[in-house]
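Dear colleague,

I am handing over the structure below, and after it you will find what came out of looking through it. Please read the notes with the structure open beside them.

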Amino acid sequence: TLDEEKEKMLSNLSKCLSNPEETYEALTDSDFEYDYITDEKGNKVKFNESNYSLFIKSKDRSVRKKAFEMLHNKYKKYIRTITSTYKGEVENNVVLAKIRNYDSAISASLYSDNVPVDIYDNLIKVVNDNMNVLYDYYDLKKEMLSLDCIHMYDTYVEIINKIEEKINKECDKAAKKFGESFDRQMFLDTNPRVLEHKSKMQDIQ
């Protein structure tokens, strides 16, 4: 905490210092206008950032791709403006940290939660050291979605239902083959391919 005069000065500057964030929000919330997108049922829907999360999880890959491109191409169009607001926000945080005698903007940001910078740094390290787990998950997702390659817009779609579909197909094929003698539960408990699919579901969950 600074002395009363300095705290008052920073308080008076707070509106100016919030300008980068306010500019960014005004740009992305109000000025960004999007076209219509066709959903997986063939309906034309006005696209926006609120319903983006619905389209990016669509089972139809073309819908996912279109939503991804519509959103990110808009940000790309205004990349210089967005970069400028980001730069302004970073500079504000650095200056405020120095004024308040913090070692860095990160330590200033973590102070209110009483989190040491070492914990933050270790979290980043642990994530980076275990990226192979994420890559394995993406490999599984590529397999379950029957894709030759996986794109960023494929990473959001859920695959639990896809695995369940594969299990049901295996059961349906076996039921046709064995007829009335088919024991579905025994098949689910003993069939190697079904057990492999179940194992994948457990890995995800």
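Helices (H or I, at least four residues) and strands (E, at least two) are DSSP runs, numbered from the N terminus. This is a predicted model, in which local features need pLDDT of at least 70, side-chain atom pairs count only at pLDDT 80 or more, and totals for chains, interfaces and linings use all residues. Residues are numbered from 1 along each chain as its sequence is written, and side-chain values use heavy atoms, with hydrogens and water left out.

The chain holds 11 helices and 2 strands, and along the sequence they follow the pattern α-α-β-β-α-α-α-α-α-α-α-α-α. Of its 205 residues, 26% count as buried, where buried means under 20% relative accessible area, exposed over 50%, and partly exposed in between (1.4 Å probe, protein chains only).

Much of what I noted concerns helix α5, which runs over residues 79-99. At 1.5 Å a residue its 21 residues should span 30 Å, and its end C-alpha atoms are 30 Å apart, which agrees; the expected span is taken as 1.5 Å times one less than the number of residues. Within α5, the residues I82, T85, G88, N92 and A97 are buried. They cover an arc of only 165° around the axis, which puts them on the same side of α5, the arc being that of the directions from the helix axis to the C-beta atoms. The cover over these buried residues includes α1 (4-17), α2, α4 (61-77) and α6 (105-111), whereas the face of α5 turned away from its buried side carries the exposed residues R80 and K98. After α5 comes N101, whose phi is positive, near 65°.

Y86, also in α5, is exposed, with a relative accessible area of 59%.

T28, in helix α2 (residues 19-31), is buried, with a relative accessible area of 7%, and it touches E49 and Y75, not counting residues up to four places away in sequence; contact here means heavy atoms within 4.5 Å. S107, which has its place in helix α6, counts as buried at 15% relative accessibility, and, leaving aside neighbours within four places in sequence, S107 is in contact with Y102 and V117.
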